[in-house]
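Hi,

Here is the structure I said I would pass on.

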Amino acid sequence: MAYALLTGCAQSAGPVDPGGGRGGGGGRSGGTETHDARPATAPTPTAAKRATPAAQPYRRWGLTAPLPAPPSPPARRPPPRRAGGPLPVVDRVPTRDKVVFLTYDDGAEKDPRFVDMVRELRLPVSMFLTDSVAGPGYGHFARLRSVGASIQNHTLDHAALRGLPYAGQRAEICGQQNKLRARFGIRPHLFRPPYGTYDTTTLRAAADCGVTAVVLWRTAMEGDGELTYAHGPGHLRAGDIVSVPSGEPAGLTLRERTTRLLREIQARGLAVGRLEDYV
């Protein structure tokens, strides 16, 4: 596929006596002990077990280890597109950083616990929203945005754009730009065409609507949690853009698919990066 852009919480140490001892230091008044010399009580095993989910939130989401932190965003961004030049089309990012990028399409699944997952794991996900699918529940995506997700454009009605006249394609893309601006106060700069199909008219219309890059994917996660690859090696690699469609009629939930994906990312020694820092 063508690439046109660049081709736990800390635990308390226990009670500390201001006089310098732990668990009841010394101080005398008239020769009489004034402190309680009993040792500090250690938390019971049951209490420690209850504290584990709060101290290790990754376990709550089916992971056996914390997610590695992504590297700092690249200091140099891709050069801006020349006026009138072709709009970049990206299906993976050429980077030496050991990161992949999680993108979610359409907006059909509006599970409040997915918001908790994104917040607790600090996942920098990108949501490509279709108005006719996500529109009735934009409040859900406002909550996702408040915990770090980005909102991007996936057309008004999820129409296959390739072959449509310019006016129709522009209406689909600019129309969703306007919807997202009215709802969130933003004009997304990334656009994903439905089904990953586009033509030169799509690129012209998207550019005219203020889009700076068209985002496709090399890796997709199916409803059963299996990963498929558009080209290249049959495994995740640094720079991969992963598409996770929502609203599958059968199969795993969005949270379950995300957990499987995160396990595979960890197994490959990768981290989750923020797509908007690279494109």
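Below are my notes on helix packing, the disulfide and a few loop residues.

First, the ground rules: this is a predicted model, so local features need pLDDT of at least 70 and side-chain atom pairs count only at pLDDT 80 or more, while totals for chains, interfaces and linings use all residues. Residues are numbered from 1 along each chain as its sequence is written, and side-chain values use heavy atoms, with hydrogens and water left out.

**Helix α3 and its two partners**

Helices and strands here are DSSP runs numbered from the N terminus (H or I of at least four residues for helices, E of at least two for strands). Two packed helices are described by the angle between their axes and the distance between the axes. The axes are lines fitted to C-alpha atoms, for helices over the stretch in contact, with angles from 0 to 180 degrees between N-to-C directions.

Start with α3 (residues 112-121) and α8 (residues 254-267): their axes come within 9 Å and cross at roughly 30°. That makes α3 and α8 roughly parallel to each other (angles under 35 degrees count as roughly parallel, over 145 as roughly antiparallel, 65 to 115 as roughly perpendicular, and the rest as oblique). The crossing of α3 past α8 is right-handed, meaning that the near helix is turned clockwise from the far one by less than a right angle, with anticlockwise being left-handed. On the α3 side, Arg113, Phe114, Met117 and Leu121 make the contact, and on the α8 side Leu254, Arg255, Thr258, Thr259 and Leu262 do; contact means heavy atoms within 4.5 Å. By class, that contact holds 5 nonpolar, 2 polar and 2 charged residues. For the classes, Ala, Val, Leu, Ile, Met, Phe, Trp, Tyr, Cys and Pro are nonpolar, Asp, Glu, Lys and Arg are charged, and the others, Gly among them, are polar.

Helix α3 also packs with α5 (residues 138-146), the axes coming within 9 Å and crossing at roughly 10°. This pair, α3 and α5, is therefore roughly parallel too. Pro112, Phe114, Val115 and Val118 of α3 meet His140, Arg143 and Leu144 of α5, a set of 5 nonpolar, 1 polar and 1 charged residues. Keep an eye on Phe114, which is listed in the contact with α8 and also in the contact with α5.

From α6 the contact takes in Tyr166, Gln169, Arg170 and Ile173, and from α7 Thr201, Thr202, Arg204, Ala205, Ala206 and Asp208. Those residues split into 4 nonpolar, 3 polar and 3 charged.

How many disulfides does a search of the whole structure find? It finds 1, where a disulfide is a pair of cysteine sulfur atoms within 2.5 Å. Cysteine 174 is joined to cysteine 209, S to S 1.8 Å, and the link is left-handed, with -100° about the S-S bond. Cysteine 174 sits in α6 (residues 166-184) and cysteine 209 in the loop between α7 (200-208) and β8 (213-215), so the bond ties together parts that are 35 residues apart in sequence. Both cysteine 174 and cysteine 209 are buried (under 20% relative accessible area, with exposed over 50% and partly exposed in between, using a 1.4 Å probe and protein chains only).

**Loop residues to look at**

Arginine 122, in the loop between α3 and β5 (126-129), has a positive phi near 55° although it is not a glycine. At 74% relative accessibility, arginine 122 is exposed. Histidine 158 also has a positive phi, near 60°, and lies in the loop between β6 (150-153) and α6. Is histidine 158 buried or exposed? Histidine 158 counts as buried, at 17% relative accessibility.

Alanine 65 is in the loop between α2 (57-60) and β3 (89-90) and is partly exposed at 29% relative accessibility. Leaving out residues up to four places away in sequence, alanine 65 touches Tyr58 and Gln266. Its C-alpha is 9.3 Å from that of arginine 263, which is 198 residues away along the chain.

Cheers
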